[in-house]
Amino acid sequence: MTEASDTLAEARQDRASATGHGTARRTGPMLVPYLQAAPMALVFLIFFVLPLAATVAVSFWQYTQYSIVPAITLENYNDIFQDCLRDLPDLCTTFRTYLSTLKFCLIVWAMTLTIGFTIAYFLAFHVRTLKFQVICFLLCTVPFWTSIVIRMISWIPLLGRNGLVNETLISMGIIHTPLEGLLYSDFAVILSLTHLYTLFMVVPIFNSLMRIDRTLIEAARDAGANGFQILTVVIIPLARPGILIGSIFVITVVMGDFLTMGIMGGQQIASVGKIIQTQMQFLQFPLAAANAVILLAAVLVGVWALLKLVDIRKEL
Amino acid sequence: MTDRRPRSFYVLFGIFLLFMMFLYGPMISILLLSFQSADGGLVFPVRGLSTYWFEKLWAGDGQVAIGPALRRSFVLALVVMVLTVTISVLAGLAFRHRFRGATLLLYVAISSLIVPSIVVSLGIALEFRLIDDAIKDLGAAWNIGWIQSNFVSALGPFTSGLGAHLTWTLPFGLLIMFAVFNRFDPAFEEAARDLGATPLQTFRHVTLPMIAPFLIGIAVFGFTLSWDELARSSQVMGSDNTLPMQLAAKTTTVTDPEIYALGSATTAGSVLFIILMFTLVSLIQRRRRRLL
Amino acid sequence: MTDKTLKTGTSRRSVLKGAAALAGTAAFPAPFVHAQERVTLRYLSTAVNQSPAIAEKASEDLGIDIEYISVNTDEVPRRVITQPNSFDLVDSEYFSLPNLVPSGNMVGMDANRIDRIDELATVIAKGTVNGEKVGSDGTAPHEVLYLEDKDSTTFATEPTEWITLIPTTYNADTLGLRPDLIDKEITSWASLLDPDFSGKTAILNIPSIGIMDAAMAIEARGDITYGDKGNMTREEIDFTIEKLIEAKRAGQFRAFWSNFQESVNLMASGEVVIQSMWSPAVTAVRTQGIECVYQPLDEGYRAWASGFGLPRTIDGRKEDAAYEFINWFLSGWAGAHLSRQGYYPAVLETAKEYMEPYEWAYWYEGKEAEQDILAPDGRTLEEAGAVRDGGSYEERMGAVACWNAVMDENQYMVRKWNEFIAA
């Protein structure tokens, strides 16, 4: 977040010049940009494009307990959706899993957005000196620099059946038997994911809020808008890019999550990521690949829709 | 601005404090539990007060053997950091010009960020598995002894693992470079050129010093994203574990507070690291301000 | 020893063994071997099987260094299949063999080079205890113990010279429970699905083992009688998974676990009060000062066994060292060490030699402990007067109902199992 604190300092003075014609005039021989871009292009080709191609290809292959066989088949997709038509109107496991993943996605998105926006708003508009802004910002970010695994398991002594929360509630006489649903439950997963990823909302939203010209707010106030109107009519629309970037991030992370749902859900909550992971564990690569292709398609459709709303390159 | 705070300030400040509690509460709880004495358990109440579990962790003879994973993760993160900075700056410079495929590269970079990590991980694992099979077939067909007896897998922290991490750090690096060059005033470079500097000299003496603080930003990003990366690493590290993978494996297998001691220790390490980086950045900025 | 085939095999093998030993001595006089560089064996298995004390002792006795590669139960076969030359010695469960052997990555071990091949516990070698057949539903070790020849990828139905795995440890699992948190008497596997324990049971997320637990419970509840629960038909698999999903949706399970310590944590923290447990896990909970009972049940035990196998790529000095280490492993010290953790070793007679009579009486004969029973690290496991849960060796291993299993329909089963985990 070093970069962010710099942005704080520079955002104001540079706002005027940051109007987006950063792509400067051409200089030097035409070959130079290609050479400069080549390493990055190569990395993405070898470690991103080709792997995705391999995934798509393998999703049509056959497999045995100990090997994958390059013979084209639709069996894997058939296996995934096998009982889906038969079981209607009941949902089959695949649809249930996607729905459950989507449910977590939406809930966590709503939570992180609400909390993230509130915190970013507080930091951007209510903390007045740069110094305090940086300090508060750092306070928010410090926990995010420690291992996500550690942050996840640090909830366990609090939420367990004999954990601190239950013990406290019992000793206060509020409940008599321990609450079961605190750990290894949907609640634990949502809590933990919110804990893990709120910062990904705070940073881009804060960034957007800092670029709002304060005179716009003054103008709105002069024109007789109340606080709520300023928020909904001026601030939120202007913060849209930050909200979208944060949302894309949170949604994609949660869609593919398997670790948090595994650990906090007691290994018994379904998610698409977890299915892929278990299938890989049992060397059912083609089946996992088919699931990955479906997940990929689902995520890309969602993100494409979101991206239609914002030009990331201009908004940075 | 007036000094009187609106009521909304106090409400929001309260929410901010609650958020801080939410963030730090669990961390404090494991901090407390990690300082238990030898007969402490995994749950409250805290039993005794000692540094027993830290000593055990340090001695490396307990249930948590993380030494090799820690070293591996550290070296990997350093390599990722250097590559991320270099590749991102180069690409950032490229994007200041028009070139064919620029838009495509940008979209690929952004997709790399938003494609679920497990999918990327699976893809790289599959790709390398196919490569392995090809190498082994080759070894069998040509009867190359070394391949048959010694070749294990092309998968490893510094092949597939490194690549997986770069697909995660490079998009961030590139986006930061966009942010930098969007606000970059080319007048300084023009001045240098007018004074007869070669492109390399211009870059070395004008551009680089101006973007240096952001490069540290990218470096910090690159290092920490790699250091803490788990989902993308999960399938691609071969037989070696990185630290987060080792931690994830240990979460469910360690039966004593040593795991909390480890958590507290890594947290302290990260905090120190941030403080160090911030000092460095503010020093550079101060120097730069003096120079300008 | 009443089995004729094996007896004839024995004598022939003994002769061959002698010849091989002679040839070996001629080729490598002992001082020459010792003058060479020390050999390191990379030993792949789950962490539970990797005792630092054994590695230390082996290094002392043999001059062979053991480097442990510890992974989860389901990772062991994955390693063998995908990275067969990343280890020199694997300690794998017998149930994995139907997956491992066809991959061609394992090699048959030469019975003539195993000193005590004829003294292997009969429950592993023949599926009998004191001459009585035990349950063989599932992948019983004696069914997958022999290969047709060294490089064969199919199992032999009759004993041959080529062994898949030399047993290291085995035991019988049953339900473990917290008597302080349960006030009814538990006599059947059906209790795993008892609604009274809703939200307080757990099940293994290792399909080959979990399905057997589930099958024991569902059959005990009277829902179905399996033809062979270790080799279910698709319909039986569907039925079993359906019942599991029903239970899961009703909130029966607190968690799923996939390794030893996880089950210990769940039990010790009180998150789970009854679950299928490995015998040493019960011991581990108890050493934390928490009451935990390994409960013998009417239907019998679900047994497991694991053993040493060699990768195809092993040769030369590493191969010699591997055989040397295995022979040492069977010679008693390691067996006694493992016995004190609650496992059973491959060769009982040699382990007995390294144990005190009172220890043997407690661990193997189901007798009251004459004095305090100590764990290998010196902690007290049981006070004098205690009796081992499940009784003597014969009572435990004699009451085995089924073994952990890889079925003919394994691929299908794993897929359905994943649906259960996802449901």
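Author: V90(C) stands opposite G309(C) in β15(C). This is a predicted model, in which local features need pLDDT of at least 70, side-chain atom pairs count only at pLDDT 80 or more, and totals for chains, interfaces and linings use all residues. Residues are numbered from 1 along each chain as its sequence is written, while chains are lettered from A and ligands numbered from 1 in the order in which they are written.

Reader: In which sense do β3(C) and β15(C) pair?

Author: Helices (H or I, at least four residues) and strands (E, at least two) are DSSP runs, numbered from the N terminus. Two strands pair if DSSP finds at least two bridges between them. Strand β3 (residues 89-93) of chain C and β15(C) have four bridges, and the sense is antiparallel.

Reader: Which residue of β19(C) is the bridge partner of A303(C)?

Author: β15(C) also pairs with strand β19 (residues 400-403) of chain C, over three bridges and in the parallel sense. Within β19(C), the partner of A303(C) is W403(C).

Reader: How many residues of β15(C) are buried?

Author: A residue is buried if 20 or more other C-beta atoms lie within 10 Å of its own, exposed if 12 or fewer, and partly exposed in between, with C-beta atoms placed from the backbone. Strand β15 (residues 301-311) of chain C is mostly covered, and the number of its residues that are buried is 11 of 11.

Reader: Which residue of β13(C) is the bridge partner of T201(C)?

Author: Strand β11 (residues 201-204) of chain C runs parallel to β13(C), and two bridges join them. Strand β10 (residues 166-177) of chain C pairs with β13(C) in the antiparallel sense over four bridges, and there L177(C) stands opposite I274(C). In β13(C), the bridge partner of T201(C) is likewise I274(C).

Reader: Are α3(C) and α11(C) roughly parallel or roughly perpendicular to each other?

Author: Two packed helices are described by the angle between their axes and the distance between the axes. Axes are lines fitted to C-alpha atoms, for helices over the stretch in contact, and angles run from 0 to 180 degrees between N-to-C directions. The axes of α3 (residues 52-62) and α11 (residues 316-329) of chain C come within 11 Å and cross at roughly 110 degrees. Angles under 35 degrees count as roughly parallel, over 145 as roughly antiparallel, 65 to 115 as roughly perpendicular and the rest as oblique, so α3(C) and α11(C) are roughly perpendicular.

Reader: Which residues of α11(C) meet A58(C), D61(C) and L62(C)?

Author: Two residues are in contact if their C-beta atoms, placed from the backbone, lie within 7 Å. A58(C), D61(C) and L62(C) belong to α3(C), and the residues of α11(C) that they meet are E324(C), F325(C) and W328(C).

Reader: Is N130(C) buried or exposed?

Author: N130(C) lies in the loop between β6 (128-129) and β7 (132-133) of chain C. Although N130(C) is not a glycine, its phi is positive, at about 55 degrees. Because N130(C) has 11 C-beta neighbours inside 10 Å, it counts as exposed.

Reader: Is Y184(A) buried or exposed?

Author: Y184(A), also not a glycine, has a positive phi of about 50 degrees. Its place is the loop between α8 (164-171) and α9 (186-197) of chain A. Because Y184(A) has 29 C-beta neighbours inside 10 Å, it counts as buried.
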